[in-house]
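Reader: Could you take me on a close look at the nonpolar core of this model, and at what is packed around it? I would enjoy one connected account.

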Amino acid sequence: ADGAALFKQQCALCHTTNASDPPRQGPTLFNIVGREAGTAEGFRYSAGFANAKFKWDEQKLDQWLVDPQAMIPGAIMPYKQPKPELRMAIVSYLKELH
């Protein structure tokens with residue numbers, strides 16, 4: 001699966017991958033890997049992110065895409081991706097964004 005194409009089809013409506021773009025319904029995902037959860041500048045996060053004390057890595061991003069609300073109660077993101085191969089393609093693409 002092509003992660004960039006999947007991102008464009010399934011994620012780009014709400015997220016940008018350019019650090020200079022203003023946030024959309026979701027924060028920019030530029031440089032997401034290694035970033036503290038809930039800290040993208042200029043984005044107002046839901047309350048659950050105040051308790052999210054971790055940095056985004058492959059495992060956390062995969063877990064997030066399975067079920068955001070299970071991972072961070074109160075999270076507003078409606079998207080879920082049940083297929084592991086599609087999640088991994090998206091996560092691999094996100095790792096390249098820095």
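Author: Happy to! In this predicted model, the largest nonpolar core has 27 residues, and those touching the most other members are Phe49, Trp56, Trp64, Ile72 and Leu94. Three helices, H1, H2 (58-66) and H4, each supply at least two residues of this core. H4 gives the largest share, with 6 residues.

Setting aside neighbours within four places in sequence, Leu94 is in contact with Phe7, Leu29, Ile32, Val33 and Leu61.

Now for how two of the helices meet. The axes of H1 (residues 3-10) and H4 (residues 84-95) come within 8 Å, crossing at roughly 100°. Angles of 65 to 115 degrees count as roughly perpendicular, so H1 and H4 are roughly perpendicular to each other. On the H1 side, Gly3, Ala4, Leu6, Phe7 and Gln10 make the contact, while H4 brings Leu86, Ala89, Ile90, Tyr93 and Leu94. Sorted by class, this contact of H1 with H4 has 8 nonpolar residues, 2 polar ones and no charged ones.

Finally, a word on the cysteines. The disulfide count comes to 0.

Technical notes
Residues are numbered from 1 along each chain as its sequence is written. This is a predicted model: local features need pLDDT of at least 70, side-chain atom pairs count only at pLDDT 80 or more; totals for chains, interfaces and linings use all residues. Side-chain values use heavy atoms; hydrogens and water are left out. Axes are lines fitted to C-alpha atoms, for helices over the stretch in contact, and angles run from 0 to 180 degrees between N-to-C directions. Helices (H or I, at least four residues) and strands (E, at least two) are DSSP runs, numbered from the N terminus. Angles under 35 degrees count as roughly parallel, over 145 as roughly antiparallel, 65 to 115 as roughly perpendicular and the rest as oblique. Contact means heavy atoms within 4.5 Å. Ala, Val, Leu, Ile, Met, Phe, Trp, Tyr, Cys and Pro count as nonpolar, Asp, Glu, Lys and Arg as charged, and the others, Gly among them, as polar. A nonpolar core is a set of buried Ala, Val, Leu, Ile, Met, Phe, Trp, Tyr and Cys residues joined through side-chain atoms within 4.5 Å. Buried means under 20% relative accessible area, exposed over 50%, partly exposed in between (1.4 Å probe, protein chains only). A disulfide is a pair of cysteine sulfur atoms within 2.5 Å.
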